[in-house]
Amino acid sequence: MHLDALFSPKTVAVIGASRSPGKIGHTIFQNMIEAGFKGELFPVNPKPGTILGHTIVTDISKLPPSLDLAVLAVPRDAVPGVLKSLVPHRLRAAVVVSAGYRESGREGWKIEAEVARICHDNDIALIGPNCLGVLSTADGLNASFAPGFPKRGDIAFFSQSGALCSAIMDWAIGESVGFSKFVSLGNKAVVDETHMLYSLSQDPDTKVVLGYIENIEHGEAFLRMARKITREKPVIVLKGGTTAAGAKAASSHTGSMVGSEHAYEAAFRQTGILRARTISEMFDLAQAFSSQPLPAGPRLAIVTNAGGPAILAADATEKSHLAMAQLSAGTMEALKKSLPTTAGIYNPVDLLADADDSRLRKSVSALLADPLVDSLLVLIAPTAFTDAAKMAKAVVKASDGTLKPVMCCFMGKSRMEEGVAILKEAKIPCYTFPEQAVRSLEAMYRYGLRKSRPSPVMASVEGRKDIVRRVLKDVRAQGMTEIPEELAQEVLKAYDLPAAEAILARTSDEALAAAAKIGYPVVCKVASPQITHKADAGGVATGVATPEELRSAFLDITGHVKITRPDAHVSGCMVQAQAPDNMVEVTIGFRRDDNFGPLLRFGLSGIYTDVLGDVSYRLAPVSMHDARQLIREIDSYMLLKGVRGQAPVDIEALEDIVIRVSQMALDFPEIYEAELGPVLVNNERAIIADARLMLLPQ
């Protein structure tokens, strides 16, 4: 796909360019001229004349034989025909700004599908439809109807929302923030965020990538690309549609199906994408990553003229993955010599309310020279003695040449504006409140940690696929969408998953024979695909120790269930070995997400999962690190580590189950959902006591 033609075209045609100011076609053409585009520019309109000094091309056939980019500012219904007429000109890329496609209903969906087909068939990189356009500051390209043009910088931004693009661009111009690329993706009929990640990963003008997304349609391709680019450049994403109301709005906005919030969270975590929760946070992070080096470690020093804000900054640090630096003896001695005796020389370093720029410059120099300090936060409040401009210049001078990140927080507004402007000009991020600075430094530290690790290797195992295929074929032949438990046992064993020994008994006599083979005590539980929570339905008896107890349990269970659940098909009972009493119950499973594929989940059984929602998620495939973190990040993890004299459980056995379940989910997309639970685990082993496997309906 000719993605380069979107940003660095040599020949551009604006189809539907208008001589009337205020029309979209006129605005786009004017923006191209005012941005300083150096290539050939052609306005196309059936009415002859000139537009802003350029002669109008009245017929598309009169355009050059080779065209890099066409911007279509024509009504929706005219777009397919215009694109077809541009094909003979070897068109490489196009931008369609008109709306009314899949976001508007069936007819719009059909037209969008035709537009996409034309572009795919002719290798045209299409942005849109229903978009604002594209900008590239390095190339003097403003193929959009956005007001204004940001200054050149090293931050790229792509968005599904054109209005958000426009608002952020206006903010960037007002704040003098530079950008390399601006892309409004719109409905993503052809070019989507995965293409953008690839293009921006190759762009030498882009250092930081920002994105606003509502949905990702080709999730697995996105995951692969994101893993690659985040090793080289930070990618910061703001996700819209995280609530039911937001998802509904997104659907009517760009026709998006937003997908599972848990899947997106897992996708961002596993690929190294930094997730911003607000627009403000997204640009806080962008400031930091585009202008400062990554910290070598977590140790943060704070220097301030205000005690209260410094305490808040220290609190924020303690709650983050950062740590308050313990200053070296040499640094404290240097601070003692340059500061009043009443100043605080420990971290945070308190210069006192009457601090001047000289005191600040000496302290910043001393702290940055300390080998026990990895990053520095300068926190200044507007006291009666504060000259913000001089304080800012002191920070700039003292930090010149340092390889450590320096952040500032000049609290206040009117009296601090001149100092803030000086810091921005020197590319030192300055925040309004200390928590913003700490969050940004923490994100940089965690990103640096991820970059320093070797690329994750996806864990894989070899299952006996022929066994699973046979089971699936048998289940399908019977018209079922849930694999009966006795067959589910075969699927688990095909992947060497530690399923408890269990035998299906259709009669009480068969139950006695099964128990004789397994050995008492046993568990007797109803065998019915319609009954998921067997214990809740009165379908489980545990600790059955004798043949008499087993016969009674079998008859009680089957009789009770037939009365309470007449809708359920009962094929008998499963007789299973009784697990030891000292085992912890967990649940492991997956559900296939429409965008990203199998979404694995882990949690403790019972109220921890069902009531408290203490569940962690990862997308398949998983690395060993993913499997480890999936288990360790639940809030109740310490119960697995052992409390009040309990021995820790076999965590590695649980990790192994996660990896094998992940592989099974990848190998057999027909299995839509799996729930292994309870999985019983102690310090010696893990046993899958029950398994529910659901198939996609045919």
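# A walk through the chain

Arg359 is buried, with a relative accessible area of 14%. Here buried means under 20% relative accessible area, exposed means over 50%, and partly exposed lies in between, with a 1.4 Å probe and protein chains only. Arg359 forms a salt bridge with Asp354, and their closest N and O atoms are 2.9 Å apart. A salt bridge puts a side-chain nitrogen of Lys or Arg within 4 Å of a carboxyl oxygen of Asp or Glu. Asp354 counts as partly exposed, at 36% relative accessibility.

The model is predicted: local features need pLDDT of at least 70, side-chain atom pairs count only at pLDDT 80 or more, and totals for chains, interfaces and linings use all residues. Residues are numbered from 1 along each chain as its sequence is written, and side-chain values use heavy atoms, without hydrogens or water.

Next, the whole chain. The secondary structure comes to 24 helices and 31 strands. These are DSSP runs numbered from the N terminus: helices are H or I with at least four residues, strands are E with at least two. The C-alpha trace spans about 95 × 80 × 40 Å along its principal axes. Of the 698 residues, 55% are buried. Contact means heavy atoms within 4.5 Å. Among contacts between residues at least 6 apart in sequence, 71% join residues at least 24 apart. The accessible surface is about 29500 Å², and carbon and sulfur atoms hold 53% of it. Such areas come from the Shrake-Rupley method with a 1.4 Å probe; for residues, only the protein chains shown count as cover.

Now the charges. The chain has 74 positive and 79 negative side chains, and the centres of the two sets lie 5 Å apart. Lys and Arg count as positive, Asp and Glu as negative; His and the chain ends are left out. Each charge is placed at NZ of Lys, CZ of Arg, CG of Asp or CD of Glu. Side chains of opposite charge can pair when their charged atoms come close. The count here is 37 salt bridges.

Two more pairs deserve a look. Arg277 forms a salt bridge with Glu265, with closest N and O atoms 3.1 Å apart. Arg277 lies in the loop between strand E14 (274-276) and helix H10 (279-291), and Glu265 in helix H9 (residues 261-271), so the pair ties together parts that are 12 residues apart in sequence. Arg277 is partly exposed, at 49% relative accessibility. Both residues belong to a network of salt bridges that also includes Glu261, Arg269, Arg275, Arg618, Asp626 and Glu633.

Glu673 pairs with Arg591 in another salt bridge, the closest N and O atoms being 2.9 Å apart. This pair links distant parts of the chain: Glu673 is in strand E29 and Arg591 in strand E26 (residues 584-593), 82 residues apart. Glu673 counts as buried, at 15% relative accessibility, whereas Arg591 is partly exposed, at 39%.

Turn to helix H2 (residues 24-34). Its buried residues are Gly25, His26, Ile28, Phe29, Asn31 and Met32. What covers these residues includes strands E1 (11-15), E2 (40-44), E3 (50-51), E4 (54-55), E5 (69-72) and E9 (141-144). Just after H2, Gly36 takes a positive phi of about 90°.

Phe410 lies in strand E19 (residues 406-410). At 2% relative accessibility, Phe410 counts as buried. Beyond its neighbours within four places in sequence, Phe410 touches residues including Ile380, Ala388, Met391, Leu423 and Tyr431. Phe410 and Pro46 are 364 residues apart in sequence and 56 Å apart in space, C-alpha to C-alpha.

Some backbone details remain. A cis peptide bond joins Tyr520 and Pro521, with omega about -5°. Pro521 sits in the loop between helix H19 (508-518) and strand E23 (522-527). Another cis bond joins Gly677 and Pro678, with omega about 5°. Pro678 is in strand E29 (residues 671-681). Arg90 is not a glycine, yet has a positive phi of about 50°. Arg90 lies in the loop between helix H3 (79-86) and strand E6 (93-96) and is exposed, with a relative accessible area of 54%.

Last, the surface. Ile607, Val611 and Leu612 form a nonpolar patch with about 330 Å² of accessible area together. Patch residues have over 30% relative accessible area and no salt bridge; like charges are joined within 9 Å, nonpolar side chains (Val, Leu, Ile, Met, Phe, Trp, Tyr) within 5 Å. Leu612 lies in the loop between helix H21 (607-610) and strand E28 (616-619). Leu612 is exposed, with a relative accessible area of 58%.
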